[in-house]
Amino acid sequence: MCLAVPGLVVEVEGSEPAFLRGKVDFGGVRKEVAFSFTPDVKPGQYVLVHAGFALQVVDEDEARKTFEDLRQLGMLDEDPGGGG
């Protein structure tokens with residue numbers, strides 16, 4: 001099963017769309033992510049990430065719904081979005 005996980009974009013680096021990279025926060029854990037599929041992304045937005053690539057931008061409500069689903073499945077202990 002493949003799973004894309006939402007995360008909060010913290011920084012975006014680069015100017016060439018195919019090579020954009022940056023940091024995404026997953027509940028306090030920051031990972032480097034490629035933004036080649038989401039070249040218009042800005043810090044403060046949420047993205048769905050799979051295998052190190054941001055696949056699409058999602059709104060905060062959708063991200064929170066996904067966090068809640070993961071919590072109900074026992075895959076997430078705390079609110080990675082920073083509170084309710």
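In this predicted model, a polar side-chain atom of Asp25 sits 3.1 Å from the backbone nitrogen of Gly27. Asp25 belongs to strand β2, which covers residues 21-26. Is Asp25 buried or exposed? Its relative accessible area is 16%. The limit for buried is under 20%, so Asp25 counts as buried.

Arg30 forms a salt bridge with Asp25, and the closest N and O atoms are 3.3 Å apart. Arg30 is exposed, at 51% relative accessibility, whereas Asp25 is buried, at 16%.

How many salt bridges does a search of the whole structure find? It finds 4. Arg21 pairs with Glu32, with 2.5 Å between the closest N and O atoms. This pair links distant parts of the chain. Arg21 lies in strand β2, while Glu32 lies in strand β3 (residues 29-34), and 11 residues separate them. Here both ends are partly exposed: Arg21 has a relative accessible area of 35%, and Glu32 has 45%.

Now move to the helix. Arg71 and Glu68 meet through their side chains in a salt bridge, 3.0 Å from N to O. Both residues sit in helix α1 (residues 60-72). They are 3 residues apart, so about one helical turn separates them. Arg71 is partly exposed, with a relative accessible area of 26%. Glu68 is also partly exposed, at 33%.

Which residues make up the largest nonpolar core? It has 9 residues: Val9, Leu20, Val24, Val33, Phe35, Val41, Val47, Val49 and Ala54. Apart from it lies another core, of 5 residues, including Tyr46, Leu48, Val58 and Phe67.

Not counting residues up to four places away in sequence, Val47 touches Val5, Pro6, Gly7, Val9, Val24, Val41, Ala54, Gln56, Val57 and Val58. Val9, Val24, Val41 and Ala54 are among the members of the largest core. Val58, also touched by Val47, is listed in the other core.

Notes. Residues are numbered from 1 along each chain as its sequence is written. This is a predicted model: local features need pLDDT of at least 70, side-chain atom pairs count only at pLDDT 80 or more; totals for chains, interfaces and linings use all residues. Side-chain values use heavy atoms; hydrogens and water are left out. A nonpolar core is a set of buried Ala, Val, Leu, Ile, Met, Phe, Trp, Tyr and Cys residues joined through side-chain atoms within 4.5 Å. Buried means under 20% relative accessible area, exposed over 50%, partly exposed in between (1.4 Å probe, protein chains only). Contact means heavy atoms within 4.5 Å. Helices (H or I, at least four residues) and strands (E, at least two) are DSSP runs, numbered from the N terminus. A polar contact is a pair of N or O atoms within 3.5 Å; within protein, one must be able to donate a hydrogen and the other to accept it, and residues adjacent in sequence count only if both atoms are side-chain atoms.
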